Amino acid sequence: MASIDLDKVLDKAWAEKPVPEVLAAPVSALKGVSDRQGELLKEAFGITTVADLADLKYAHWAQALAALDAAK
């Protein structure tokens, strides 16, 4: 089972929330992501929630490429 220190990845207001609620939250719930950056993600990729960001196919493609490079 994977674990993560939510205090390190979420703004304080979201750190104690249940994961399904965090996934439905705006991306600005993530530590270091501003409201403006959230707006830009919406404009560029249609991302409005943390779950949308997690499902971004371009990020998956980039992660796969990085994993291929690391495995060589």
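Residues are classed as buried under 20% relative accessible area, as exposed over 50%, and as partly exposed in between, with a 1.4 Å probe and protein chains only. By this scale Glu 43 is exposed, with a relative accessible area of 61%. The structure is a predicted model, in which local features need pLDDT of at least 70 and side-chain atom pairs count only at pLDDT 80 or more, whereas totals for chains, interfaces and linings use all residues. Residues are numbered from 1 along each chain as its sequence is written, and side-chain values use heavy atoms, with hydrogens and water left out.

The protein chain contains five helices and zero strands, where helices (H or I, at least four residues) and strands (E, at least two) are DSSP runs numbered from the N terminus. The order of elements from the N terminus on is α-α-α-α-α. The C-alpha trace spans about 40 × 35 × 20 Å along its principal axes. Of the 72 residues in the protein chain, 19% are buried. A contact is defined by heavy atoms within 4.5 Å. Among contacts in the protein chain with a separation of 6 or more, 18% are between residues 24 or more positions apart.

The pocket analysis was made on a 1 Å grid over the protein atoms alone; a cavity is a set of points where a 1.4 Å probe fits but cannot get out, while a pocket is an open set with protein on both sides within 12 Å along at least five of seven lines, and lining residues have an atom within 4 Å of a point. Grid points are joined across faces, edges and corners, and a volume is the space filled by probe spheres set on the points. The largest pocket holds about 170 Å³ of space. Its lining consists of Ile 4, Leu 6, Val 9, Leu 10, Val 19, Val 22, Leu 23, Leu 30 and Val 50. Helix H1 (6–9) and helix H2 (19–23) each contribute at least two residues to this lining, and H2 gives the most, with three residues. In terms of class, the lining comprises nine nonpolar, no polar and no charged residues; here Ala, Val, Leu, Ile, Met, Phe, Trp, Tyr, Cys and Pro count as nonpolar, Asp, Glu, Lys and Arg as charged, and the others, Gly among them, as polar.

Thr 49 is located in the loop between helix H3 (35–45) and helix H4 (50–54). Not counting residues up to four places away in sequence, Thr 49 touches Leu 23, Ala 24, Ala 25, Pro 26 and Val 27. With residues up to four places away in sequence left out, Ser 28 touches Asp 11, Val 33, Ser 34 and Asp 35.

Side chains of opposite charge can pair when their charged atoms come close. A salt bridge requires a side-chain nitrogen of Lys or Arg within 4 Å of a carboxyl oxygen of Asp or Glu, and the structure holds four of them. Arg 36 and Glu 39, three residues apart in helix H3 or about one turn of the helix, are joined by a salt bridge with an N to O distance of 3.4 Å. Arg 36 is partly exposed at 45% relative accessibility, and Glu 39 is partly exposed at 43%. Arg 36 also forms a salt bridge with Glu 43, with the closest N and O atoms 3.8 Å apart. Elsewhere, the side chains of Lys 72 and Asp 69 meet in a salt bridge at 2.9 Å, N to O. Lys 72 is exposed, with a relative accessible area of 77%, whereas Asp 69 counts as partly exposed at 45%. Salt bridges that share partners link Arg 36, Glu 39 and Glu 43 into one network.
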